[in-house]
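Subject: Handover of a structural model

Dear colleague,

Please find below the structure that I am handing over to you. My findings follow directly after it.

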Amino acid sequence: MDTTLQISGTPAEIYEQHMVPAIFARWASDLVEAAGVRTGQRVLDVACGTGAIARPLAERVGAAGKVTGLDINPGMLAVARLSAPSQSIEWLESSAVKMPLPDAIFDAVVCQQGLQFFPDRPAALSEIRRVLKRGGRLALSCWRSIEHTPGYLMLEQVLARRIGPEKAALPPFSFGDAEAIRRAVAGAGFREVKLRAEVKMIRFRSAEHLVRAVVGGAPTMMGALTDQGAGALDAIIAEMTEATKQYVDDEGWATPAVSHVVTAIA
């Protein structure tokens with residue numbers, strides 16, 4: 001095991017420190033480009049988390065523009081504020097299903113890996129459509145099914161052997177069907193809906209780093225572990241380390257991940 005690895009802090013702090021650089025920051029610039037954001041525009045980042053997308057959006061729109069980051073989790077927003085003290089970003093605590101925002105005020109809306117978590121996806125997409133100006137642009141990402149991210153597939157399989165397949169299913173990969181996503185976006189009234197698949201490498205220091213980052217930074221993903229008693233996490237780490245030895249290179253532990261990138265016009 002990685003005996004030098006220490007992970008501590010709130011879930012949001014762990015998410016920002018460990019999961020953002022390993023996963024989400026690697027996709028940020030692509031999603032900003034997909035949104036076609038320009039200087040001076042007003043942009044909304046839905047399910048903004050700790051600000052991995054909001055920060056580069058603020059750089060893109062400049063002082064003449066405005067970025068609003070919206071998230072339902074106050075802990076995430078607290079870390080987001082600390083992560084971008086010099087940037088002019090408005091942080092808003094709200095569900096994506098019912099946003100306290102006027103109609104047609106944004107030039108673009110971006111959502112990185114949030115759609116699959118919304119309790120009512122059609123309602124959230126309708127809200128996004130409502131707050132966009134006519135002709136405004138949507139850019140969102142949503143992971144393909146877990147088979148396209150083999151490192152996380154291995155983690156799910158390791159968990160399934162301990163707690164069963166149903167409890168082991170990892171929520172981020174729960175809405176990976178391209179046509180279902182296309183229907184959902186089009187059903188909210190968007191035009192010119194386009195999907196493309198993009199692959200990047202997710203990188204952690206080790207398999208242990210992955211597991212501990214997920215447990216600490218996204219605890220709802222592996223909440224069933226809390227019922228497994230002392231030693232369960234160490235056993236899972238040991239099994240993951242052995243099972244994913246082929247994912248280790250000279251820079252750490254890496255696995256490909258495939259995401260749908262979706263663009264549409266309001």
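With a relative accessibility of 1%, Thr68 counts as buried, because the cut-off for that class is under 20% relative accessible area. Please bear in mind throughout that this is a predicted model.

**Thr68 and the strands around it**

Thr68 belongs to strand E2, which spans residues 66-71. Setting aside residues up to four places away in sequence, Thr68 touches Val43, Leu44, Asp45, Glu90, Leu92 and Phe106. One of these contacts, Glu90, is also the bridge partner of Thr68 in E3. The two strands concerned, E2 and E3 (residues 89-93), pair in the parallel sense over five bridges. Between them the chain passes through H3, and this β-α-β crossover from E2 to E3 is right-handed.

Leu44, another residue touched by Thr68, has Val109 as its bridge partner in E4. Strands E1 (residues 42-46) and E4 run parallel and are joined by four bridges. Strand E4 itself, residues 106-112, is mostly covered, with six of its seven residues buried.

On the E5 side, six bridges join E4 to strand E5 (residues 132-143), and these strands also run parallel. Within this pairing, Ala108 has Arg137 as its bridge partner in E5. The chain goes from E4 to E5 by way of helix H4 (residues 121-131), in a β-α-β crossover that is right-handed.

Helix H4 contains Glu127. Is Glu127 buried or exposed? Its relative accessible area is 12%, so Glu127 is buried. Apart from neighbours within four places in sequence, Glu127 is in contact with Ala96, Val97, Lys98 and Met99.

Gly135 lies in strand E5. With a relative accessible area of 41%, Gly135 is partly exposed. Its contacts, not counting residues up to four places away in sequence, are Arg191, Ile265 and Ala266. Gly135 and Arg191 stand 56 residues apart along the chain, and their C-alpha atoms are separated by 9.1 Å.

**Backbone points to check**

Most residues other than glycine have a negative phi.

- Ala104 has a positive phi, near 50 degrees, and is not a glycine. Ala104 sits in the loop between E3 and E4 and is partly exposed, with a relative accessible area of 40%.
- Glu192 likewise has a positive phi, of about 50 degrees, although it is not a glycine. Glu192 is found in strand E6, residues 191-204.

**The cavity**

How many cavities of 30 Å³ or more does a search of the whole structure find? The search finds one. The volume of the largest cavity is about 50 Å³. Its lining consists of Trp27, Asp30, Leu31, Gln112, Gln113, Ser141 and Val261. Helix H1 (residues 11-35) gives the most to this lining, with three residues. By class, the residues that line the largest cavity are three nonpolar, three polar and one charged.

**The largest pocket**

The largest pocket has a volume of about 930 Å³. Its lining comprises 43 residues, and those nearest its centre are Tyr15, Asp71, Met76, Gln113 and Phe117. By class, the lining of the largest pocket has 28 nonpolar, 13 polar and two charged residues.

I would be glad to receive your comments once you have looked through the model.

With kind regards

Methods
Residues are numbered from 1 along each chain as its sequence is written. This is a predicted model: local features need pLDDT of at least 70, side-chain atom pairs count only at pLDDT 80 or more; totals for chains, interfaces and linings use all residues. Side-chain values use heavy atoms; hydrogens and water are left out. Buried means under 20% relative accessible area, exposed over 50%, partly exposed in between (1.4 Å probe, protein chains only). Contact means heavy atoms within 4.5 Å. Two strands pair if DSSP finds at least two bridges between them. A crossover is right-handed if, with the strands pointing away from the viewer, the path from the first strand over the helix to the second runs clockwise. On a 1 Å grid over the protein atoms alone, a cavity is a set of points where a 1.4 Å probe fits but cannot get out, and a pocket is an open set with protein on both sides within 12 Å along at least five of seven lines; lining residues have an atom within 4 Å of a point. Grid points are joined across faces, edges and corners, and a volume is the space filled by probe spheres set on the points. Ala, Val, Leu, Ile, Met, Phe, Trp, Tyr, Cys and Pro count as nonpolar, Asp, Glu, Lys and Arg as charged, and the others, Gly among them, as polar.
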